[in-house]
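Trainee: I would like to learn how to read a pocket and the parts around it. Please take me through an example.

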Amino acid sequence: MKNFFIILIMKILNLCLKICGKHGGNFLGKIAYSWNPNIFKYFKVHCPVIAVTATNGKTMTNNAIGYVFKSAGKKVVSNIEGNNMETGILSTILKNCSLTGKIKADYLVFEVDEGYVPVVFKDFPLSTLVILDFFRDQLDRNGEVETLILKINEFLKTYNGNLILNTDDPNVARLGKANPDNKNIYYFSVEKYDFASLEQKEAGEGKFCPFCNTRLEYEYYQYSHIGKFRCPNCDYGNNEIYKLATNVNLKERSFKVDDITYKIRFNSIYNIYNLVAVIACVSLYNIDTNVIKSALSNFVLNNGRLEEVSINGVPTIINLAKNPTGSNVSLRILNEDDDEKELLFVLNDNLADGLDVSWIWDINFDNLNNVTKIVTSGTRAYDIAIRIKTSGFDASKIEPYLDLHEAVESLYKTNTKKYVIANYTALQPTRKELKL
Ligand SMILES: [Zn+2]
């Protein structure tokens with residue numbers, strides 16, 4: 001009875017918010033959860049529930065899975081706006097359930113913050129969990145990456161649903177051994193691509209075998225610590241692969257899985273990993289290959305995550321980068337592009353960004369390809385400028401501005417192609433300044 005009234009009140013609140021033109025974010029979930037932290041038990045779900053978690057790539061993968069299902073004519077309930085903690089997911093459920101807690105959908109698809117997987121799915125059914133990668137991210141909020149992985153590992157010990165894992169990330173692949181009785185483990189991988197390297201180019205984690213502590217041997221690195229690895233002592237890393245992307249062509253924006261060519265709208269290795277995870281996931285639900293193909297050829301994210309736009313005729317590529325890996329991925333895309341370009345890096349240190357910006361020292365700014373000028377901005381415009389200068393980039397070509405408006409004005413003095421990298425709270429103000 002209590003839950004019935006909680007939902008009723010939330011429905012009324014939601015209506016009020018709608019009338020005021022407000023979206024509400026995780027507001028409804030926050031109140032409902034504070035009234036009853038066991039409310040997740042109350043909902044009645046009769047369809048598959050899919051969750052995506054990772055340090056990087058959750059939003060894209062989550063939204064692409066939902067997009068493919070929708071393209072197949074299915075009804076999907078999903079937190080596509082990215083509120084991914086327990087309160088955000090609860091908000092999405094509250095908006096889409098009946099007063100008796102029934103959720104009408106063909107699929108529930110949620111991106112879930114790494115730390116909240118055990119919290120949400122303690123009392124809520126889970127059919128498929130997709131795990132992409134684990135990197136250092138906002139350490140002050142999550143604690144060490146290892147603690148996070150152990151928490152998920154603990155949760156997985158009693159989980160028997162589908163588990164889709166990136167076999168090229170030693171931090172992720174290890175989770176396939178959490179429950180030896182679970183027969184529903186599906187590994188995905190991407191074949192070595194043109195820019196893979198023998199040496200690790202960017203800072204990363206997971207260099208030691210989690211089972212016997214031996215140093216892992218890498219045949220190659222795709223980016224950061226993602227690559228083909230193996231433990232020489234216990235053979236960890238030798239997994240049977242369910243979906244493998246081959247023939248990766250970033251220029252053509254295509255790759256193959258099971259001999260089918262997928263044309264996509266993205267041009268980074270990092271996005272290809274996400275999309276192979278998508279293919280692995282929807283394949284478990286027998287979605288027609290032609291539907292997947294056509295959906296992925298149209299799927300884009302218009303929220304500053306590898307957004308490509310034209311600003312007064314100047315081609316501009318914008319990407320969110322809230323940690324070293326995100327930044328290194330953006331710089332990889334920049335370096336793989338031979339055109340002359342100018343870079344804007346906007347760095348804030350607001351609460352949501354993490355107050356500690358020392359992670360910028362893990363960004364690899366060495367040998368930037370054909371970059372003729374770098375403008376920096378944000379509350380830490382000077383820190384990032386110094387970081388870039390230390391990497392050997394010509395200091396006379398670096399312009400720091402605390403004022404974002406001045407920074408953008410200086411950037412668009414020329415018609416040279418632009419790359420824009422912004423961290424969490426910097427992204428939307430930067431898009432606004434660019435009039436997007
Ligand atoms: Zn080992």
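**Pocket, domains and a helix**

Mentor: By class, nine nonpolar, four polar and eight charged residues line the second largest pocket; Ala, Val, Leu, Ile, Met, Phe, Trp, Tyr, Cys and Pro count as nonpolar, Asp, Glu, Lys and Arg as charged, and the others, Gly among them, as polar. This is a predicted model, where local features need pLDDT of at least 70, side-chain atom pairs count only at pLDDT 80 or more, and totals for chains, interfaces and linings use all residues. Residues are numbered from 1 along each chain as its sequence is written, and side-chain values use heavy atoms, with hydrogens and water left out.

Trainee: What volume does the second largest pocket have?

Mentor: A pocket is an open set of points on a 1 Å grid over the protein atoms alone, where a 1.4 Å probe fits, with protein on both sides within 12 Å along at least five of seven lines; lining residues have an atom within 4 Å of a point. Here the volume is about 420 Å³. Of the 21 lining residues, Leu250, Lys251, Asn267, Glu336 and Asp337 are the closest to the centre.

Trainee: Which domains does the chain have?

Mentor: Domain bounds come from an automatic or database domain assignment. It gives domain 1 (2-298) and domain 2 (305-433), with C-alpha centres 28 Å apart. Each of the two gives at least three residues to the lining of the second largest pocket.

Trainee: Which residues of helix H10 are buried?

Mentor: Buried means under 20% relative accessible area (1.4 Å probe, protein chains only). In H10 (residues 289-298), these are Ile292, Ala295 and Leu296.

Definitions and conventions:
Grid points are joined across faces, edges and corners, and a volume is the space filled by probe spheres set on the points. Buried means under 20% relative accessible area, exposed over 50%, partly exposed in between (1.4 Å probe, protein chains only). Helices (H or I, at least four residues) and strands (E, at least two) are DSSP runs, numbered from the N terminus.
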